[in-house]
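The stops below go from a sheet to the helices on it, and then to a separate pair of helices.

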Amino acid sequence: MKHRILFTKELSKEYIQQKLGADFEVSFLKLIDIVPNPINFEIGDFHHFIITSVNTVKVIQHHVIFPKESRFYVVGDKSAKALSSLGIEAEIVAKNAEQLAEYIQQKVKPVPILHFCSSKALMTLEEKLGQAGFQYQQEVVYRTVACFPILEKEVDALVFFSPSGVESFMKNNKVNQEQVFSIGKTTQKALQKFTQNKIIKSNEENLEDLLQVIKATYNG
């Protein structure tokens, strides 16, 4: 019998199926929409920028002209690759916001720093960098809008990718006996508010590692 895995995000079925193999039956449930905000601000004197998602890169790539000698600090390899495709190389790449704040404090003196983010951005960077003397500022470039879908099929496992996705799912659904997987620490913490089930997390906090974790969980 195949393991029925539901990914709570729209992904490439061909890619996921290829990575997991024939023992898995994969499906997808969209939990949030991305709505870009009008971008009508000036970069000003900022030369240091934080980007924490691929969605941010997609929104700003046609609307923002960065000054020369800009420096970029990002969360996630995919964010770094998205920037690289635009000819921009990230100086610091971290697994999550907490780790990014630590790396920035270790490698950068306190400077004005601008964070392009979503409407659901966590306070982690603002708190940690602010306490360290950085002049931190947010620019919300897109909103995450919950879809609140209803799961109408039985599955063996649920895979979550963000706290906002967790909130959207739990509005009209609940976790029963399903195995629960999380992309990272912040999503895991959000899930713990709704279920006592064991939550298996990706150590590297990226999709590729998460898929390996799912496969290893079922194949031993």
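Two strands count as paired if DSSP finds at least two bridges between them. The model is predicted.

**Stop 1: the sheet**

Select the six strands of the open sheet, which run in the order E3-E8-E7-E4-E5-E6 with mixed pairing. Go to the two ends of that order: strand E3 (32–36) and strand E6 (92–94) are the edge strands, and each pairs on one side only. Then look along the sheet; its neighbouring strands are turned by 20° against each other on average, with direction ignored.

**Stop 2**

Keep strand E4 (residues 48–51) and strand E5 (residues 71–75) and hide the rest. In which sense do E4 and E5 pair, and over how many bridges? The pairing is in the parallel sense and covers four bridges.

**Stop 3**

**Stop 4: H4 against H5**

Select helix H4 (residues 97–107) together with helix H5 (residues 124–131). They pack at an angle of about 20°, and their axes are 9 Å apart. Angles under 35 degrees count as roughly parallel, so H4 is roughly parallel to H5. Their crossing is right-handed. Show side chains for the contact: H4 contributes Ala-97, Glu-98, Leu-100, Ala-101, Ile-104 and Gln-105, while H5 contributes Thr-124, Leu-125, Lys-128 and Leu-129. Coloured by type, the contact residues of H4 with H5 are six nonpolar, two polar and two charged.

**Stop 5: H1 against H8**

Clear the selection and pick helix H1 (residues 13–20) and helix H8 (residues 207–219). The axes of H1 and H8 lie 9 Å apart, and the packing angle is about 45°. That angle makes H1 oblique to H8. H1 passes H8 in a right-handed crossing. Which residues make the contact between H1 and H8? On H1 they are Tyr-15, Ile-16, Lys-19 and Leu-20; on H8 they are Leu-207, Glu-208, Leu-211, Ile-214 and Lys-215. Colour these by type as well: the contact of H1 with H8 has six nonpolar residues, no polar ones and three charged ones.

Definitions and conventions: Residues are numbered from 1 along each chain as its sequence is written. This is a predicted model: local features need pLDDT of at least 70, side-chain atom pairs count only at pLDDT 80 or more; totals for chains, interfaces and linings use all residues. Side-chain values use heavy atoms; hydrogens and water are left out. Axes are lines fitted to C-alpha atoms, for helices over the stretch in contact, and angles run from 0 to 180 degrees between N-to-C directions. Angles under 35 degrees count as roughly parallel, over 145 as roughly antiparallel, 65 to 115 as roughly perpendicular and the rest as oblique. A crossing is left-handed if the near helix is turned anticlockwise from the far one by less than a right angle, and right-handed if clockwise. Contact means heavy atoms within 4.5 Å. Ala, Val, Leu, Ile, Met, Phe, Trp, Tyr, Cys and Pro count as nonpolar, Asp, Glu, Lys and Arg as charged, and the others, Gly among them, as polar.
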